[in-house]
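Subject: Handover of a structure

Dear colleague,

Please find below the structure that I am passing on to you. My notes on it follow.

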Amino acid sequence: MKYNEEDLINGVNSGNRVSLSRTISLIESDKSAIFRIINSLNKRSQSSYVVGITGPPGAGKSTLTNRLIQNFRSKKLTVAVLAVDPSSPFTGGAVLGDRIRMQEHALDDGVFIRSIGSRGDLGGLSSATSGIIKLFDAFGIDIIIIETVGVGQTELDIIKISDCVLVTLVPEAGDGVQAMKAGLMEIGDVFVVNKADRGGAEKLAREIDYMISLKHKEVKWSTKVILAEAENNIGTDDIVAEIESFRKFETDNNILIEKRAKRKLSEIETLLFQRMKYELENLKQDKEVKKIMSLVAKSDIEPEEAVNMIIKLFKNNF
Ligand SMILES: Nc1nc2c(ncn2[C@@H]2O[C@H](COP(=O)(O)OP(=O)(O)O)[C@@H](O)[C@H]2O)c(=O)[nH]1
Ligand SMILES: [Mg+2]
């Protein structure tokens, strides 16, 4: 089903949830859509705050996200959750489970929950994610929570889009050294040792604390490790308080502004690459390009020459 893009944007700008949902689908399926709509989105001087939650599968990220939603809602803040699942577009088991865990918020207009796939995307985190964050911002969401379901690069990429990174670990997922190997120690602003009702949580918290103390510190933020039982809603208030104090620290020290500016600059490269790929894909349908390709097929010219010719066309057409 095709929707009029102008109508969709008007809907997003005026707070229509259905329009928001459809616009997310649009930029997920058509990577070039964001370039067309970006200028028409409400400017909100980035008043949304993005919290990234990462950690191994089963650590309790979704359970914790659910608790965070409850907490922020009790403060009358609006919340959007984006679950990024690298393995499956919509129906993966993990995401399905996530949605069930967050089901209680389904009727709350101040909560918007959405999952997206990232299969095939460079770096694991969907290239649509930063565009969707802009949509949430235009929609007027106060807190955006990004939960990564995957392991590996997706976990680490979360730092590129988050204002605060929450690393969730559990004793049974192995020791802190494993977290360090995965690069998680480097990216966490707040560490949570979840499932503290099980054995080994305090030992893991001490290990993480020790590793934090070894870290080279550029900023004067003292990273804390918080013991929690997301399932039993224990430690959740402390986690929210820590997120809030990190936000204050970033804001008071101008770090948030700098971080977002840096992020925007590095976004140019990603977007440029993405856009070129899209434009080149379109150019393949061009009559001239087809002619060049057939010359290569007949061995009249080499691929290198063809590339030079296509780039020339590209420059003229773009
Ligand atoms: N024992 C215990 N189990 C928990 C706790 N928090 C979450 N779980 C359970 O751990 C499992 C995985 O949780 P989930 O939130 O889906 O983890 P995710 O994969 O990181 O999103 C679920 O069965 C939860 O009920 C906790 O504090 N203690
Ligand atoms: Mg989950």
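How many helices and strands does the secondary structure of the protein chain come to? The chain has 14 helices and seven strands, where helices (H or I, at least four residues) and strands (E, at least two) are DSSP runs numbered from the N terminus. This is a predicted model, in which local features need pLDDT of at least 70 and side-chain atom pairs count only at pLDDT 80 or more, while totals for chains, interfaces and linings use all residues. Residues are numbered from 1 along each chain as its sequence is written, and chains are lettered from A and ligands numbered from 1 in the order in which they are written.

Overall fold

Of the 318 residues in the protein chain, 37% are buried; a residue is buried if 20 or more other C-beta atoms lie within 10 Å of its own, exposed if 12 or fewer, and partly exposed in between, with C-beta atoms placed from the backbone. Among contacts between residues at least 6 apart in sequence, 75% join residues at least 24 apart. Two residues are in contact if their C-beta atoms, placed from the backbone, lie within 7 Å.

Helix packing

Two packed helices are described by the angle between their axes and the distance between the axes. Axes are lines fitted to C-alpha atoms, for helices over the stretch in contact, and angles run from 0 to 180 degrees between N-to-C directions.

Helix H1 (residues 5-13) packs with helix H2 (residues 17-29) at an angle of about 130°, their axes being 8 Å apart. H1 is therefore oblique to H2; angles under 35 degrees count as roughly parallel, over 145 as roughly antiparallel, 65 to 115 as roughly perpendicular and the rest as oblique. In this contact, Leu8, Gly11 and Val12 of H1 meet Val18, Ser19, Leu20, Arg22, Thr23 and Leu26 of H2. These residues divide into five nonpolar, three polar and one charged.

H4 also packs with helix H11 (residues 236-252), at an angle of about 70° and with the axes 10 Å apart. H4 is therefore roughly perpendicular to H11. Arg67, Leu68 and Asn71 of H4 make the contact with Thr236, Asp237 and Val240 of H11. Two nonpolar, two polar and two charged residues form it.

Individual residues

Tyr49 is found in strand S1 (residues 49-54) and is buried, with 23 other C-beta atoms within 10 Å. Not counting residues up to four places away in sequence, Tyr49 touches Asp142, Ile143, Asp163 and Arg247. The C-alpha atoms of Tyr49 and Arg247 are separated by 8.3 Å, although the two residues are 198 residues apart along the chain.

Lys195, in the loop between strand S6 (190-193) and helix H10 (201-214), has a phi near 60°, a positive value in a residue other than glycine. Lys195 counts as buried because it has 26 C-beta neighbours inside 10 Å. Ser299, in the loop between helix H13 (287-297) and helix H14 (303-317), has a positive phi near 65°. Ser299 counts as exposed, with 7 C-beta neighbours inside 10 Å.

Yours sincerely

Note on methods: Nonpolar A, V, L, I, M, F, W, Y, C, P; charged D, E, K, R; others polar.
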